[in-house]
Amino acid sequence: MFKRENLPAEASIFAVFVGIAILFEVLGWVFVGKSFLGNVQRLEIIILQVSIFGIIAVGVTQVIITSGIDLSGGAVLALSAMVAASFAQSVDAFAPIFPQFLGLPIIIPIAIGLAVGASCGWINGSITAYTGIPPFIATLGMLVTARAVAVIYTEGQPVYSLSESFTVIGSGAWPVLVFFVVAMIFHLILKHTVYGKHTYAIGSNEKAARVAGINVRRHKIMVYTIAGSLSGLAGVVMCARATIAQSGMGTMYELDAISAVVIGGTSLFGGRGRISGTVIGVCILGVITSGFTFLRIDFYYQEIVKGMIIVGAVMLDQRRQAKQRSRA
Amino acid sequence: MNNQDDIILRTENLTKHYGGVHALEEANFTLKKGEHIAIVGDNGAGKSTFVRQITGVEQPTSGDMFFEGKQVEFNSPLEAREAGIESVFQDLALCNDLDVPSNLFLGREELLFKFGPFSILDEKKMMEKAKEVLERTAIKIPNLSNHVGDMSGGQRQCVAISRSASFASKLIIMDEPTAALGVQETTQVENIIRGLKEQGVPLILISHNLRQVFDLVDKIWVFRRGRIVGEVIASETDGNEIISMITGMQGGVHEKDSYI
């Protein structure tokens, strides 16, 4: 027999996603006289647009499950993109950043982009784990610093002339593929590995995790480093897609990523959340952005609605937590 | 005189200072194999501080500890657990967002495939073992896949105790295990403790409940203001003597106001 409690946790979030899509379809016919969902090209654009911050969101989900937060995703993306791109310029690049490193195999700029992201994440994790500074402040510091370093790196100049072999990673459906593969891998890791179990345990009760013998500091550093690496990967994919890297890339992506994570059902209190929920959250944000543009509603109204959705999602989470506390 | 071979845990002048606060002063303590003892004392007497030192949660300022005749220093709870010392803490130390098997096996998961932190869990084996463990302790939890946070206080406490009871090969320490439980749940926990006695697993029980202490243990150690002030055989003393030792006042409480 059909029972609501037998449904997976993501079912309700998916229902919201479908509901929003149908709502835009109806509004499309009423106000614009066109189908919203019938346009395949639009759907492709939606998924391409959300893939980049979706990759960041996969890392942020893990950080939030440990009851932390990572505000530096967008800035780390920009810094990683700048550094990776400077090693991905083609042999005929005009005024290259490193004339001695042109036409390198693509694995090198990709690895460098990931390493820059991982280093930023490692710093975030180490500050959080060893100094007692709240992750909100530690990653806020990284947000400002990484963005500034991205500007200083080329004295504000964009990095052009990326090699064709490098820009392939951002072409066609590649960004979407990267997002889904990353999401799938970390979904399985969180669900079936010791890393995943300990991530949930730390977010649920850090003291209990410590008493159980988990090296909480080392684990937190690992989680933030992975999140940083994924921001680095997002930077690589984004500059490959844009065929250019600029220090202003990915501005506000951290907030989109956090929004997607929260909408996807991950608790800001830690201990609960899934990557599959985040993927749906990412899609919801994509549909809202695209739907509003389709209805020709001003960008600022879109932001208002996004803000309201995030606050609503957190309020629901708070109610769920309060309910659990009263039961315990 | 104690036969050294019979002693499982011994501390010599164990001391813990938090800055200027002397929480534990020169505690000399012994526990024999198979023995169930209680540590009693007023709030701030140093009971929990003592337990934190012997379970590796904290490291003592000075003093020595011997476990199974060998001098030991536990730098983390994991080291104490690896040595065979299991603890049930006052605040349970459970992860509310994890299910029963995950809580039981936290930090010592059964693995299908080893690959550092990304080792793959053997969830089926953990579930089967969890069922066995709970059956042994006669605890009834309808669905082990439920989050521990969704369970009653009694069920949660039973999970915490089962975790210790099933893994402790050598010593179990329980800090106020029934403080937040109802009558029925308290009875259930006390039965588990009696089962441990039958199995010969030594136990250190911290409790404010003197009725429970007299019911369950062989010996009582009394702490006052960070010091051990007495060690008495449970069957050779009474509530008034224990209260006198806890409070430091001669006469304890009046007969008719007996504590137990």
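The following dialogue concerns a predicted model and considers helix α6 of chain B and the contact between chains A and B.

Trainee: How do you know that the length of helix α6 of chain B agrees with its number of residues?

Mentor: Helix α6 of chain B holds 17 residues, 183-199, which at 1.5 Å a residue should span 24 Å. The C-alpha atoms at its ends are 25 Å apart, so the two values agree.

Trainee: Which residues of α6(B) are called buried, and what makes a residue buried?

Mentor: A residue is buried if 20 or more other C-beta atoms lie within 10 Å of its own. Q188(B), V189(B), I192(B), I193(B) and L196(B) are buried in α6(B). These residues cover an arc of only 140° around the axis, and therefore lie on the same side of α6(B).

Trainee: Which residues are exposed on the other side of α6(B)?

Mentor: V183(B), Q184(B) and E198(B) are exposed there.

Trainee: Against what do the buried residues of α6(B) pack?

Mentor: Their partners are α5 (153-167), β9 (171-175), β10 (203-206) and α7 (210-216) of chain B. Just after α6(B), G200(B) has a positive phi of about 80°.

Trainee: How many residues of chain B are in contact with chain A?

Mentor: In chain B, 24 residues are in contact with 23 residues of chain A. On this side of chain B, α2 (77-83) and β8 (120-121) each supply at least two residues. The largest share, three residues, comes from α2(B).

Trainee: What classes of residue make up the side of chain B that touches chain A?

Mentor: That side has 13 nonpolar, seven polar and four charged residues.

Definitions and conventions
Residues numbered from 1 in each chain as written. Chains lettered and ligands numbered in written order. Predicted model: local features only at pLDDT ≥ 70, side-chain atom pairs only at ≥ 80, totals over all residues. Contact = placed C-beta atoms within 7 Å. Helix = DSSP H or I, 4+ residues; strand = E, 2+ residues; numbered from the N terminus. Nonpolar A, V, L, I, M, F, W, Y, C, P; charged D, E, K, R; others polar. Expected span 1.5 Å × (residues − 1). Buried ≥ 20, exposed ≤ 12 C-beta atoms within 10 Å, placed from the backbone. Arc of directions from axis to C-beta.
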